[in-house]
Amino acid sequence: MTSPDLDSLLPRLHDLRAALARAVVGQNTVVEQLLIGLLAGGHCLLEGAPGLGKTLLVRSLGQALELQFRRVQFTPDLMPSDILGTELLEEDHGTGHRHFRFQQGPIFTNLLLADELNRTPPKTQAALLEAMQERTVSYAGTTYALPAPFFVLATQNPIEQAGTYPLPEAQLDRFLLHVLVDYPSEDEERQILEQTTGGATDAVPKVMDAEAVIALQAAVRQVHVSPDVLAWITRLVRASRPGEGAPAAINQWVKWGAGPRAGQSLVLAAKARALLQGRFAATREDVQALAAPVMRHRLLLSFAAEAEQKRADDVVDALLQAVPFPG
């Protein structure tokens, strides 16, 4: 991609943020991480208490992008065919010949909102695995390609209630980022009350099409990562695995560490954050800012960590202290 092409595309990222701000009050870090996931070509898992605007944020992103957008409400009775699609038996009235035709499900879209993903059984959760990793859907011996770009934004409620099924580690690993949505500040909450209880709000304008998204995703791959940053990411990921030579905090609090996909995700996310801020080289600040969103869902904590009420973010903080940037 040439420099003039990038110069024309980067301002549209600012327009995209401004468009989201019309519908979503605050949550600047969440919005940034969501856009990082989009630019890096990965998927995001949003977790937060009910009523914090997770669905509104994803729907607003779908409105701001000129992409096909579909929302699936995951429930305990949802079947894999409700997402992937199914075969229909059709008859040619002229010849009487019958044949099966594959009716595509809602997963055949650019932006899929998987709302409350942890409310559906594991067999339906697993229906997303191939699509998230390979960008294809296999049905009855035939493989169908998904449209590009393809971006899954899943939400889940952290409060354990009846009818919820924790996501398996293999599926969690498919998410580039695990984004935590926290409560708004007092000023933001007052603004939310004012904005949502008055007249009709402004529609979210469309500011970016599929071609621009694909071009920006290609530009992310060209962002420079120095050998020192790459070596540091490698050491961070490897140090998250308990065993001989691992930091004491890791051996105490971690039962299973992050795999190589965590390193790939951290490199891509750091590149995307750099491009989002108008830079063409990833820095250690990018890595520090994204270490927790990339790794918090890829660490299986030990009983000792649960007993000491340690969270995955606490482990990541200890990891960053134990494995500092060289020099």
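This is a predicted model: local features need pLDDT of at least 70, side-chain atom pairs count only at pLDDT 80 or more; totals for chains, interfaces and linings use all residues.

Student: How many residues line the largest pocket, and which lie nearest its centre?

Tutor: The lining has 32 residues, and Leu172, His178, Arg296, His297 and Leu299 lie nearest the centre. By class, 14 are nonpolar, eight polar and 10 charged. The volume of the largest pocket is about 1200 Å³.

Student: And what volume does the second largest pocket have?

Tutor: About 530 Å³. The second largest pocket is lined by 27 residues, with Ala40, Gly41, Gly42, Arg135 and Arg221 nearest its centre. Here α12 gives the most, four residues.

Student: Changing topic: how many aromatic pairs are there?

Tutor: The count is five aromatic pairs. In one of them, the ring centres of Phe102 and Phe108 are 6.0 Å apart and the planes are at 70 degrees, so the pair is edge-to-face. Both Phe102 and Phe108 are buried.

Student: What does Phe108 form with Tyr144?

Tutor: Another edge-to-face pair, 6.4 Å centre to centre with 80 degrees between the planes. Phe108 lies in the loop between β5 (98-104) and β6 (111-115) and Tyr144 in strand β8 (residues 142-145), so this pair ties together parts 36 residues apart in sequence.

Student: Is Tyr144 buried or partly exposed?

Tutor: Tyr144 counts as partly exposed, at 21% relative accessibility.

Note on methods. Residues are numbered from 1 along each chain as its sequence is written. Side-chain values use heavy atoms; hydrogens and water are left out. Rings of Phe, Tyr and Trp (its six-membered ring) pair if their centres lie within 6.5 Å; planes under 30 degrees apart count as stacked, over 60 as edge-to-face and the rest as tilted. Buried means under 20% relative accessible area, exposed over 50%, partly exposed in between (1.4 Å probe, protein chains only). Helices (H or I, at least four residues) and strands (E, at least two) are DSSP runs, numbered from the N terminus. On a 1 Å grid over the protein atoms alone, a cavity is a set of points where a 1.4 Å probe fits but cannot get out, and a pocket is an open set with protein on both sides within 12 Å along at least five of seven lines; lining residues have an atom within 4 Å of a point. Grid points are joined across faces, edges and corners, and a volume is the space filled by probe spheres set on the points. Ala, Val, Leu, Ile, Met, Phe, Trp, Tyr, Cys and Pro count as nonpolar, Asp, Glu, Lys and Arg as charged, and the others, Gly among them, as polar.
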